Amino acid sequence: MAKLFGTAPEPTGELHQAIEKFLGKKIKVTWVPNAEYTEKMNVTLASDSIPQVVVVDPKMPAFVKSAQAGAFWDLTDKLDKYPNLKPADERTALNASVNGKIYGLYRMRPLLRSAVVIRKDWLDKVGLKEPTTIDEFYEVAKAFTEKDPDGNGKKDTYGLIIPKWPSSSYASASPYDVVETWFGAPTGWGERDGKVVPGFDTPEFIEANKFLKKMVDEGLINPDFATLDTAKWNEPFFFGRGGMIIDVNIRSRQVLDLFREDGDQNYGDKVTMVGNLARSDGKKFSYPFTGYADSLAISKQSVRTEAELDNVLKTLDKLATKEGQVLLQNGIEGRNFKVENGDTATLINVDDPAVRTVQDNVDDAFTQLSTKGTMDIGGIAYQRIPPGQPYRDIIAKQKELVEEDLKTAVHNAALPVVAPAQIEKGPQIDKIIGDARVKFLSGAIDEAGLKAEIQKWHDGGGDQIITEVNDLLAKLPK
């Protein structure tokens with residue numbers, strides 16, 4: 001079972017068939033839209049039909065509870081005999097562990113991917129430069145909303161596009177989390193007055209959301225921010241309704257694709273990108289990632305014996321070879337990409353609809369099954385370079401922004417640990433924060449109401465979680 005960010009691949013599809021041929025095995029994947037994945041995972045974990053392998057957040061309370069109760073295989077001491085499954089980076093493996101135990105194969109991702117993707121042609125139209133500070137970001141959003149950047153004479157645009165985000169998540173790389181870090185709030189958890197606390201338990205969290213509410217109130221954010229499907233996140237940008245997206249930097253290439261595929265000869269003039277933004281006082285705090293995104297966990301319900309586990313691990317080990325990872329992350333060599341310089345995959349036949357389907361299946365689906373990243377971040381698959389100078393320009397800019405932002409990255413201090421109280425009470429009380437944030441932004445509650453909801457989190461078990469997180473961190477090897 002894996003996340004889906006677009007249209008589900010057909011089992012008869014070219015890439016699906018190529019993966020089966022490579023493995024010498026049939027595979028069945030339940031694809032679940034990203035916006036519904038947390039809910040689906042909770043239902044699946046409570047059922048008697050857990051797939052053999054699931055893509056899951058290793059810190060998800062329901063998963064941790066299931067794993068610690070014996071529902072998933074503890075892989076801590078089992079990976080040495082599978083050469084392609086041994087952790088590439090011990091620190092990332094610790095970050096993805098549950099108090100030191102490995103319940104899944106972490107999926108390697110860049111340590112920093114946050115960025116702001118912007119309609120470059122709109123910037124040119126309103127006469128503004130690329131923003132480097134939060135204040136400049138606000139001015140761009142305001143101009144995109146009020147100065148008719150699409151030139152149709154109507155007030156029908158907005159500055160920032162935000163989609164619906166799972167309410168149970170309060171530190172999930174959403175646009176909200178990135179902005180909160182810009183304001184100085186911890187990414188997930190951080191140290192305040194000698195102890196580690198959640199990011200929403202800081203004044204900076206309140207200030208960031210007051211800023212976002214001001215943007216909502218002024219119409220600078222899409223009015224359907226609480227309901228817009230993440231699978232449709234690019235549409236307002238492409239169709240000229242919204243001008244900026246805060247997300248992973250690779251989204252810049254996704255929207256470039258849309259303009260190029262639409263036949264726009266000047267597609268390179270439509271998209272630019274900036275990194276994390278500085279505060280009004282000049283201080284900069286950049287939103288990093290964990291070095292991983294979810295894990296592939298193996299169910300003891302479906303994989304009952306050591307022999308069956310060995311079979312699954314051998315299959316995953318083969319999938320984790322260079323050939324397997326190239327299929328998952330790049331597609332079919334000679335069909336939709338060619339290798340250049342030994343480390344990059346340049347797309348070919350990009351205007352062939354069948355080849356485009358293969359590429360969509362890579363981008364929107366099968367890459368979710370990959371455990372090793374691309375060569376440019378220490379992995380083994382090729383970095384993808386679409387044809388055309390605009391792509392090369394945006395990739396060069398991406399590298400430059402990442403190198404700069406890593407200098408000011410604010411890392412999550414509590415990543416390696418999961419508190420028992422978080423497992424028991426987290427699923428209920430974490431929703432409080434995610435829901436309260438959206439309620440505050442939409443005007444359903446005021447600042448006092450937001451603070452009251454945060455207090456509910458504390459009273460509902462949050463204080464116990466904070467105590468246990470600090471105790472567990474103190475016990476980790478230094």
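For this tour, Ala, Val, Leu, Ile, Met, Phe, Trp, Tyr, Cys and Pro count as nonpolar, Asp, Glu, Lys and Arg as charged, and the others, Gly among them, as polar. Keep in mind that you are looking at a predicted model.

Select Lys-26, Ile-27, Lys-28, Gln-52 and Val-53. Of the 20 residues that line the second largest pocket, these are the closest to its centre. The pocket holds about 560 Å³ of space. Its lining has 13 nonpolar, four polar and three charged residues. Now colour helix 11 (306-319), which gives the largest share of the lining, five residues.

**Stop two: helix 12.** Move on to residues 322-329. Six of these eight residues are buried, so helix 12 is largely enclosed by the rest of the structure. The buried ones are Gly-324, Gln-325, Val-326, Leu-327, Leu-328 and Gln-329. To see what covers them, show helix 1, helix 11, strand 12 (337-340) and helix 13 (353-364), which are among the covering elements. Just after helix 12, click on Gly-331, which takes a positive phi of about 105°.

**Stop three: the largest nonpolar core.** Which residues touch the most other members of this core? Select Phe-137, Phe-211, Met-215, Met-244 and Val-469 to see them, out of 59 residues in the core. Helix 16 (447-475) supplies the largest share, eight residues. Zoom in on Phe-211: leaving aside neighbours within four places in sequence, Phe-211 is in contact with Ile-134, Phe-137, Tyr-138, Val-179 and Phe-183.

**Last stop: a second core.** Finish with Leu-79, Leu-316, Leu-319 and Ala-320, which are included in a separate core of 52 residues.

How values were computed
Residues are numbered from 1 along each chain as its sequence is written. This is a predicted model: local features need pLDDT of at least 70, side-chain atom pairs count only at pLDDT 80 or more; totals for chains, interfaces and linings use all residues. Side-chain values use heavy atoms; hydrogens and water are left out. On a 1 Å grid over the protein atoms alone, a cavity is a set of points where a 1.4 Å probe fits but cannot get out, and a pocket is an open set with protein on both sides within 12 Å along at least five of seven lines; lining residues have an atom within 4 Å of a point. Grid points are joined across faces, edges and corners, and a volume is the space filled by probe spheres set on the points. Helices (H or I, at least four residues) and strands (E, at least two) are DSSP runs, numbered from the N terminus. Buried means under 20% relative accessible area, exposed over 50%, partly exposed in between (1.4 Å probe, protein chains only). Contact means heavy atoms within 4.5 Å. A nonpolar core is a set of buried Ala, Val, Leu, Ile, Met, Phe, Trp, Tyr and Cys residues joined through side-chain atoms within 4.5 Å.
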